[in-house]
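Hello,

Here is the structure I promised to pass on to you. Please open it and keep it beside you while you read my notes below.

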Amino acid sequence: MSDRGTWGSRVGFVLAGAGSAVGLGNIWGFPTRVGENGGAAFVLVYLVCVIFICLPIMIAELAIGRRTQSDPVGAYAKLRPGTRWWMAGGLGVAAGFGVLSFYSVVAGWALAYIWFSASGAVSGDAVESATFFTDFTSHAPSSLFFTFVMLAATAGIILGGIRAGIERVSKLLMPVLAILLVVLAWHASTLPGAAEGLAYYLKPDFSKMMSFGALNAALGQAFFSLSLGLGTMLVYGSYLTKREGIAKSAIMVVALDTSLALLAGFVIFPSGFSIPGFDPTSTGPGLIFMVLPRLFATLPGGQFFGAAFFILLALAALTSAISLLEVPVAHFIDSHGWSRKRAVVIVTTATFALAVPSALAMGASSFFSDLPGIGMDFQSLMITVWNDFALPIGGLITAIFVGYVWRIDSALEELLAEQAWFPNPKLWGWMVRYACPLAIFVIIFMNIRSMIV
Ligand code: TRP
């Protein structure tokens, strides 16, 4: 336990929590998945998942974290010593590796696009910007290089003990990102085709029934964007003082994170539909990298705005990557007594090894770009396994643990400490015991069923 304080000086929870939550999930993941899954109906389902499933689970994760003050494995072991509950934390540690492995690849793209935008290398021509992205990501040395740089920066920050510093910088810069998004959304709404984009984003088409695959994607995306289900929030719960109040802090992080995701949609869809022949369902993970250069090209000072945007995005990705790396690192320090340096070096090396196939999955390696017998590329496989299954299952386990093992009463003791504001404890208990686990179970079960049949 003694090495804990050193892996980052303490910062306020909302600062660290929002730094973790706001990242590629909002700006890259959300628009991509809205595009792939048909638009506005997906947005609605996403919001329902955020409010009714994720918020109660975030509160549960934070309560465990503040009570136990340890890594996920240690936390479960502390609350139920001598049982196998520690394995629930083990899933989180594994998911930390898994999510970070593909996360660092996309973060590398954002990093590279700082240079591409500033130098004007990527043009505003719609066809060219799509080809540019494909050429860049299918070139193994460059995609590996940028992945490596992002991972090394993440490791360096945790190792150098400058985490708190980075989070403070990002606290100052995130409002700038939000303002920039508002400006971009404003400008995008004036482009030809914008109305069609907004309709795609905002007008649900209920005549098309949503598939269980899309429901599951919305659920996974909500967990991913809110940094839930693998113990990040559990670890960050130890930053919460009893005074701050868990419910209030959780609501603030959820509101901030969700507003930024929604805002990103207001930028991407109007811009996308201004491109003739644009089809949001077919661009995949390159969506924002293909659409944004076009948007910047229509703006006066576009090179400057483009570079500024990708700097802010890379920084947001970095503060999220830190929180991902921290879960396995905290585990090896807390539960295995490793030194911080050893934990960071070994965990980062292992993550890079798993990142390599994801970095090669966009055409650089034909094997990883279309896995035989699986019908998807390696990166999409990682997103499916970790985001769509591991994170919601992690959340399901958290809910069951708090609802039936640690029990609602003990959790409420933590949640209501020092007369903290906590609206409707009964409803929260009911959600954690019944509604959340049932909803997650049904969505995942039905999706698996639909994949098999
Ligand atoms: N939420 C971050 C994003 O939106 C990514 C992230 C950080 C994350 N920590 C996490 C995702 C823990 C899942 C679990 O970019």
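Before going on, a word on the source. This is a predicted model, in which local features need pLDDT of at least 70 and side-chain atom pairs count only at pLDDT 80 or more, while totals for chains, interfaces and linings use all residues. Residues are numbered from 1 along each chain as its sequence is written, and side-chain values use heavy atoms, with hydrogens and water left out.

The whole chain

The protein chain holds 18 helices and 0 strands; these are DSSP runs numbered from the N terminus, with H or I over at least four residues for helices and E over at least two for strands. Along the principal axes, the C-alpha atoms fill a box of roughly 60 × 50 × 45 Å.

Of the 453 residues, 59% are buried. Among contacts (heavy atoms within 4.5 Å) with a separation of 6 or more, 83% come from residues 24 or more positions apart.

Two positive phi angles

Back to Q69, which sits in the loop between α3 (40-68) and α4 (72-79). Its phi is near 55 degrees, a positive value in a residue other than glycine. R407 is not a glycine either, yet has a positive phi of about 80 degrees. R407 belongs to helix α17 (residues 378-415) and is partly exposed, at a relative accessible area of 43%.

Helix α4

How many of the 8 residues of α4 are buried? The count is 6, so α4 is largely enclosed by the rest of the structure. The buried residues are P72, V73, G74, A75, Y76 and L79, and they pack against α3, α5 (86-119), α11 (232-236), α14 (302-336) and α17. At the start of α4, a side-chain oxygen of D71 comes to within 3.1 Å of the backbone nitrogen of V73.

Two buried polar residues to look up

S129 is in helix α6 (residues 126-137) and is buried, with a relative accessible area of 0%. A polar atom of the S129 side chain lies 2.9 Å from the backbone oxygen of M290. Leaving aside residues up to four places away in sequence, S129 touches V122, S123, F289, M290 and P293.

E61 is part of helix α3 and counts as buried, at 2% relative accessibility. Not counting residues up to four places away in sequence, E61 touches L228, G229, L230, G231, T232, M233, L234 and T398.

That is what I have for you, and I hope you enjoy looking around.

Best wishes

Conventions: Buried means under 20% relative accessible area, exposed over 50%, partly exposed in between (1.4 Å probe, protein chains only). A polar contact is a pair of N or O atoms within 3.5 Å; within protein, one must be able to donate a hydrogen and the other to accept it, and residues adjacent in sequence count only if both atoms are side-chain atoms.
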